[in-house]
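Please examine the sequence and the structure shown below.

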Amino acid sequence: MAVSLSIFIGFLIATAFLIHPFGYPPSEMDDYIIENAQSETGANNAVTSVVFDYRGFDTLGEATILFAAVTGVVMLFRRKKLSRIKP
Amino acid sequence: MSKIVRTMASLLILFALIYGVYIIMHGHLTPGGGFQGGAVFASGVALLIVAFGSEIVHKSLKEHHLSILESSGALIFIGLAFGGLAIVFFYNFLVGSSIFGHIPPSGPNPGDIWTAGVIPFMNIAVGLKVLAGLSAILLVMALATTLMEVEE
Amino acid sequence: MTEGIPFNIPFLAVAVMIGIAFYIIISQRNLIKLVMGLSILASGVNLFLITLGYREGGVAPIYTHTPAGIMVLPVPQALTLTSIVIAVACLALMLSMVIHIYRHTGSTASEKSRIMKG
């Protein structure tokens, strides 16, 4: 078990050096969002417009997960009758 | 908890609640939004539970009312998503119209609060959902561990 | 690989965090320490998502009173928001199940809750 764990951690540290240099991401999709977020959505905040307008389905799924988790926690701690504090 | 802690908690909770509502309402101008403001509000409720004990807080804040708040937040979110169904499912149908529909000038500018279409209403709906959900989790778990020590 | 090895400290921090989290999950027996290890794993993955989207000399992608400079990528920040909320929900469910196991079997060791009954 120690052998497999050390091989895995060595793989992770090697990946940290072989990834792209920190500060120069190879992506052009976000240039479109940074330039056109103010005229298409009308919000000054690009992150909020991505969360609620360009990717609204992810927010819908996350709201569903939060609802299911709260229902599960409240259901696990039901009590049949109210107990009273002894003085 | 002692008298100093109870007095300061009942004084500081006002600032925590107003700060949470400020972060929710200005979500389209400054960093923040629905999730962050709901978490700040729930941390104010956590301060109240720690200072006063969960039995006293349970007399005013029952799980039934929190459940109604959370469900209404979810229904408002889905209703706004269905509002622009004429074009696509999540269409922003209030940009350019009269209610929240100014368009800001491009480039850096001081923010105008009557912008961004349907996004402020979505922020309020998600903020209601998150604050009710996290407060319900905190209250139920605090009640379960308090009553467990006393039942025997 | 023609310009030498880049010196990325944030990616190294992510690798160390995920390695420590896996070591905790494999080797600990107390249930609450297991839950702590899972929480550290979730935090490491969130840190990785944010540091993927940094541009050299960047400012926040917000147009209200912006200082001068290039803007960082806004999409990884949106994905990290969702991931943080899901981690909180999983943590709440796991802790309530640990409380129920403690009430039912009387200890927080993970060997006592291994035998299935009834």
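A crossing of two helices is called left-handed if the near helix is turned anticlockwise from the far one by less than a right angle, and right-handed if it is turned clockwise. Helices (H or I, at least four residues) and strands (E, at least two) are DSSP runs, numbered from the N terminus. The structure is a predicted model, in which local features need pLDDT of at least 70 and side-chain atom pairs count only at pLDDT 80 or more, while totals for chains, interfaces and linings use all residues. Residues are numbered from 1 along each chain as its sequence is written, and chains are lettered from A and ligands numbered from 1 in the order in which they are written.

The crossing of α3(A) and α3(C) is right-handed. These helices pack at an angle of about 60 degrees, and their axes are 9 Å apart; axes are lines fitted to C-alpha atoms, for helices over the stretch in contact, and angles run from 0 to 180 degrees between N-to-C directions. That angle makes α3(A) oblique to α3(C), since angles under 35 degrees count as roughly parallel, over 145 as roughly antiparallel, 65 to 115 as roughly perpendicular and the rest as oblique. From α3(A), A:Val47, A:Val50 and A:Val51 meet C:Val75, C:Gln77, C:Ala78 and C:Leu81 of α3(C). Two residues are in contact if their C-beta atoms, placed from the backbone, lie within 7 Å.

Which elements do the buried residues of α2(A) pack against? They pack against α3 (46-54) of chain A together with α3 (75-105) of chain C. The buried residues are A:Asp30, A:Ile33, A:Ala37 and A:Gln38; a residue is buried if 20 or more other C-beta atoms lie within 10 Å of its own, exposed if 12 or fewer, and partly exposed in between. On the other side of α2(A), the residues A:Asp31, A:Tyr32 and A:Ser39 are exposed. After α2(A) comes A:Gly42, which has a positive phi, near 85 degrees.

In chain C, the loop between β1 (58-59) and β2 (70-71) holds C:Pro61. This residue counts as buried because it has 25 C-beta neighbours inside 10 Å. Among the residues that C:Pro61 touches are A:Ile34, A:Ala46 and A:Val47.

Across the whole interface, 37 residues of chain C are in contact with 36 residues of chain A. The largest share of the side of chain C that touches chain A, 12 residues, comes from α3(C).

Terms used: Lists of a residue's contacts leave out its neighbours within four places in sequence.
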